[in-house]
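User: Could you walk me through how this model packs? I'd like some questions and answers on it.

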Amino acid sequence: MSVPYFDLSRAHESLRPAFDKVWHELIETGQFIGGHHVDRFEEAWAKYCGVKHCVGLSSGTAALQLGLEALDVGLGDEVILPANTFIATAAAIVAVGATPVFVDVDPATLLVTAAGVEAAITNLTKAVIVVHLFGNVVDMDGISSVARAAGLAVIEDAAQAHGATWRDRPVGSLGDVGCFSFYPAKNLGAFGDAGAMVTDRADLAEKVRSISNHGRSRQSAHEHLHVGGNHRLDGLQAAVLSIKLSSLDAWNQERRQIFRTYRTMASMLPVTLVDNPVAAASNVQHLAVIRTKYRDRVMAYLKDRNIGVGIHYPTPCHCQPAFARWNRSSLPVVEQAAREILSLPIYPGLQAEPLAFVCDAVSSAVMAEFHAA
Ligand SMILES: *Cc1c(COP(=O)(O)O)cnc(C)c1O
C-alpha cells in the first residue's frame, strides 16, 4: 500500500461534470479575467464568511499584502505575528515596508496568544496578524480585547481555516480583514493559485479591489488612484471555487472524522497531536500534526513505507536567512516545535484502510524508537 500525503482525486470525482461544464462555457464566453464567475464567487464567499465584502485575488499572499496596504500599514509600522507560520505571512509585512515582530506561541496549540501579542506591543505597533494554524482557531476574544485597547488593526490569516468558527462566527469575519488562500491543497482549493480578502468595511474592500487591478478607479479603467499591481482572481478559478464551495462543509466534516482517528492513535502512544479542544472554537483540521522527539526517524520510517508526510514548518520564519534582520530574540516554543512536528495525511477522500495503515505505521515507528531509547 502507498498513501499519498495529499490527493483530491476521489473528492473531485462527483464534481467532474460540473468542472467540464464551466470549462466549456468559459471557452465559449471568453470571460477569463473578471466576469460573472468572479462576481458570483465573491458574493458566495462573503456570504459564507458572514461579511459584507469579498474581493477575489490571485493568492493568499496578495490578500495579506493588499489587506495591510488598505489598512495603511507601511514604513515605520510594526506588525506582530506568530513565528510559526508560512513565510508568506511575514513576507507580506516586509512587502508593504513594515517591520515584522515575531512572537512565540502557546505550547499546546501552537497558536498565537493575546498575552504573547500584548507583550510585543510598542508605540510603533500598528497591526497584528493572527494565524489560524493547521485549521485551529485562535482565541479571538483575547486578541480582540488586546487589539482594541492598543488601537491595533487585526488581520486574520485564515489560509488554513476555511469554514472554521469562533463562537459560531466564521474566521475571516472576526478582525478588520480576513485573508484566504485557495491554493489547491487548502481546505477550499482552486485549480491553481487564488485567494480572497473579506471585510465588513466598504472602504477597505474598495481599496483592495483597486490595488489588485492596477490601482484603477471604479469609474474609469484609465484613471489610477493607487500604485497597484495585478492581483486579480481569474474566471476559471472562481468558477471552480463556486463548484467546490458546496462541498466544503462536508469535506471539513471528513477531515474532523480522520482527525478523530489520529486522536485515538495519539492517545495510545508517547506522542502529542497538536489540537485545540476549546469549546468556543470549531476547528477544520487543515493539517494533522503530531509531535515526537523521534521525528526524523519516524518520518524516515513512514517514507520507507510509501506514506507521504510533511513538516509545517521545519524552520520558523525568524530563523530564515531572509528574515535575519528581524530576528530579535529566541522563541523557544516555536523553535522546539519545529524540531518535533510531523504532518500526516489528511484530506477528503482518504479512506479508512489507508488511514489505518498510517496509524499502524506511526505506532510501530514510535514504539520502536521509544523502546530503543
Ligand atoms: C498558504 C498560506 C499562505 C499563502 O497563500 P498563497 O495562496 O500560497 O499565496 C499564507 N499564510 C498561510 C498560513 C498559508 O498556509
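This is a predicted model: local features need pLDDT of at least 70, side-chain atom pairs count only at pLDDT 80 or more; totals for chains, interfaces and linings use all residues.

Analyst: Residues are numbered from 1 along each chain as its sequence is written, and side-chain values use heavy atoms, with hydrogens and water left out.

User: At what angle do helix α4 and helix α5 pack?

Analyst: Helices here are DSSP runs (H or I, at least four residues), strands are too (E, at least two), and both are numbered from the N terminus. Axes are lines fitted to C-alpha atoms, for helices over the stretch in contact, and angles run from 0 to 180 degrees between N-to-C directions. For α4 (residues 60-70) and α5 (residues 87-95), the axes sit 9 Å apart and the angle is about 35°.

User: Which residues of α4 make the contact with α5?

Analyst: Contact means heavy atoms within 4.5 Å. On the α5 side, Ala88, Thr89, Ala92, Ile93 and Ala95 take part. From α4 come Thr61, Leu64, Gln65 and Leu68.

User: Why is helix α9 largely enclosed by the rest of the structure?

Analyst: Buried means under 20% relative accessible area, exposed over 50%, partly exposed in between (1.4 Å probe, protein chains only). The buried residues of α9, including Leu241 and Lys244, pack against α1 (9-12), α2 (16-29), α3 (36-49) and α10 (248-267). Helix α9 (residues 235-245) is largely enclosed because the number of its eleven residues that are buried is nine.

User: Within what arc do the buried residues of α12 fall?

Analyst: In α12 (residues 332-340), Val334, Ala337, Ala338 and Glu340 are buried. The arc is that of the directions from the helix axis to the C-beta atoms. Seen down the axis, these residues of α12 line one face, so the arc is 170°.

User: Is Asn136 buried or exposed?

Analyst: Asn136 sits in the loop between β4 (125-131) and α7 (140-150). Not counting residues up to four places away in sequence, Asn136 touches Leu111, Val274, Asp275, Asn276, Asn283 and Gln285. At 1% relative accessibility, Asn136 counts as buried.
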